[in-house]
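Please read them with the sequence and the coordinates open beside you.

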Protein chains: 2
Amino acid sequence: MASPLIELERFLPYRISVLANVMSTAIAAAYEERFGLTIPEWRVIAVLSRYPGLSAREVAQKSRMDAVAVSRAVNRLLRAGRLRRAIAPDDRRRSVLEVSDAGAAVYREVAPLALEFERSLLESISSTEGAQFERLIGVLTERAERLSVRLRNGRSPPRKKGRPTQPTASSRPRRR
Amino acid sequence: MASPLIELERFLPYRISVLANVMSTAIAAAYEERFGLTIPEWRVIAVLSRYPGLSAREVAQKSRMDAVAVSRAVNRLLRAGRLRRAIAPDDRRRSVLEVSDAGAAVYREVAPLALEFERSLLESISSTEGAQFERLIGVLTERAERLSVRLRNGRSPPRKKGRPTQPTASSRPRRR
DNA sequence: GGCCAATCGTTACACTCGCAACCATTTCCC
DNA sequence: GGGAAATGGTTGCGAGTGTAACGATTGGCC
């Protein structure tokens, strides 16, 4: 391996990230301006429209969102009257979420736009290519996940509940 | 169009976003922990290793980053001694950026990991599929960009320098 | 029953991000 | 030459995000 030079413009993860960014930005424009929805909020509505009655945890799993992100999105949607929340009778920690009429209205208006965007995207390639592309996304995602887990194994074992607040400066200049 | 239901798990933009997220997270783990590098910082180093002497603006264009993100990444890298900055003699607004020895060392260590990750990813599919995939990414990115521009055209014309600080509450609950 | 560990959801905090506004410098154009 | 517009880069600010810590509840196990 003489001199490994990355050409960012051709580097696969970089290109995927650009594509993802362009797409989300484009779609977000469709609901952000009109409804004041954030991306997490939109995702929550989308999931709950399809699967009413899920708990916040389940929404997070289905949408691959962070539990915190879901919690916040749900709270904003509740305040906006776009969601209803009940408490599971058999487990009072668990919430039971459903879109309200207002939420359903948002969904009815945004979903066609999103689907239309997707359709319009796929118009630029053949349906064979589209199927192929989706398949490859699946394969690569799975693969990346496995690799990711492997890479993360240089970690320290998860401490349970460390010292409350070591004032400053642990060992490294840890940025996050 | 009877009842348009989005199945998030199959929705293309969503799947791309998941893939991108998994990939960046995986790679970031390779340099975040060891060098305290953020993604923008890594991108800047990658670009400048390949194209020394670019200005911040040019780095932003090549890496598709926001000018602000570049500015901040460059500053952190400068403080860490991983970059050198000079002022272009013919245009004193413009900076001339180069990785320092320390920056080059980082690059020499991270680049192989990144490339290895990419290689390992692509191992899960055939080289024909890989080429196809990359081509489709390009097509879809371009397409998404055009659609995006079109969608953005419901905007208000860009005001020049509005009233300094309308205290609160403009017209809409604009979230961003 | 009583205690401990696990789970659901939220909050605090520290950080990132991007737009708008801002200087400094340069270019355009009369 | 001199002001207006454009350009490079930085900073302020509002908002978003993930990790860790937390309270509440539940389940397992003795």
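1. In chain B, the axes of α2(B) and helix α5 (residues 101–122) come within 10 Å and cross at roughly 100°, the axes being lines fitted to C-alpha atoms, for helices over the stretch in contact, with angles that run from 0 to 180 degrees between N-to-C directions. That makes α2(B) roughly perpendicular to α5(B), on a scale where angles under 35 degrees count as roughly parallel, over 145 as roughly antiparallel, 65 to 115 as roughly perpendicular and the rest as oblique. Helices here are DSSP runs (H or I, at least four residues), as are strands (E, at least two), and they are numbered from the N terminus.

2. From α2(B), Trp42(B), Ile45(B) and Ser49(B) meet Gly103(B), Ala104(B), Val106(B), Tyr107(B) and Val110(B) of α5(B), where two residues are in contact if their C-beta atoms, placed from the backbone, lie within 7 Å. By class, this contact has 6 nonpolar, 2 polar and no charged residues; Ala, Val, Leu, Ile, Met, Phe, Trp, Tyr, Cys and Pro count as nonpolar, Asp, Glu, Lys and Arg as charged, and the others, Gly among them, as polar. Leaving aside neighbours within four places in sequence, Ile45(B) is in contact with Leu77(B), Arg82(B) and Val99(B), as well as with Gly103(B), Val106(B) and Tyr107(B).

3. On provenance, this is a predicted model, in which local features need pLDDT of at least 70 and side-chain atom pairs count only at pLDDT 80 or more, while totals for chains, interfaces and linings use all residues. Residues are numbered from 1 along each chain as its sequence is written, and chains are lettered from A and ligands numbered from 1 in the order in which they are written.

4. Chain A holds 6 helices and 2 strands, and from the N terminus on its elements run α-α-α-α-β-β-α-α. Of its 176 residues, 29% are buried, meaning that 20 or more other C-beta atoms lie within 10 Å of a residue's own, whereas 12 or fewer make a residue exposed and counts in between make it partly exposed, with C-beta atoms placed from the backbone.

5. The axes of α2(A) and α4(A) come within 9 Å and cross at roughly 80°, and these two helices are therefore roughly perpendicular to each other. Pro40(A), Glu41(A) and Val44(A) of α2(A) make the contact with a set of α4(A) residues that includes Ala69(A), Val70(A), Ala73(A) and Leu77(A).

6. Which residues touch the most other members of the largest nonpolar core? In this core of 79 residues they are Val44(A), Val59(A), Val44(B), Ile45(B) and Val59(B), a nonpolar core being a set of buried Ala, Val, Leu, Ile, Met, Phe, Trp, Tyr and Cys residues joined through C-beta atoms within 7 Å. Helix α1 (residues 12–35) of chain A gives the most to this core, with 11 residues.

7. The contact between the chains takes 65 residues from chain A and 64 residues from chain B. On the side of chain A that touches chain B, α1(A) gives the most, with 17 residues, and the residues of that side divide into 36 nonpolar, 13 polar and 16 charged.

8. Lys62(A), placed in helix α3 of chain A, counts as partly exposed because it has 19 C-beta neighbours inside 10 Å. Beyond neighbours within four places in sequence, Lys62(A) is in contact with Val47(A), Tyr51(A) and, from the other chain, Leu8(B). In helix α3 (residues 56–63) of chain B, the buried residues include Val59(B) and Lys62(B), and what covers the buried residues of α3(B) includes α2, α4 and β2 (95–99) of chain B.

9. Around DNA strand C there are 25 residues, of which Ser55(A), Ala56(A), Arg57(A), Ser71(A) and Arg92(B) come nearest; a residue is near a strand if its C-beta atom, placed from the backbone, lies within 6 Å of it. The largest share of this surface, 5 residues, comes from α4(A), and its residues divide into 9 nonpolar, 6 polar and 10 charged.

10. DNA strand D is surrounded by 25 residues, the closest being Arg92(A), Ser55(B), Ala56(B), Arg57(B) and Ser71(B). Here α4(B) gives the most to the surface, with 5 residues.
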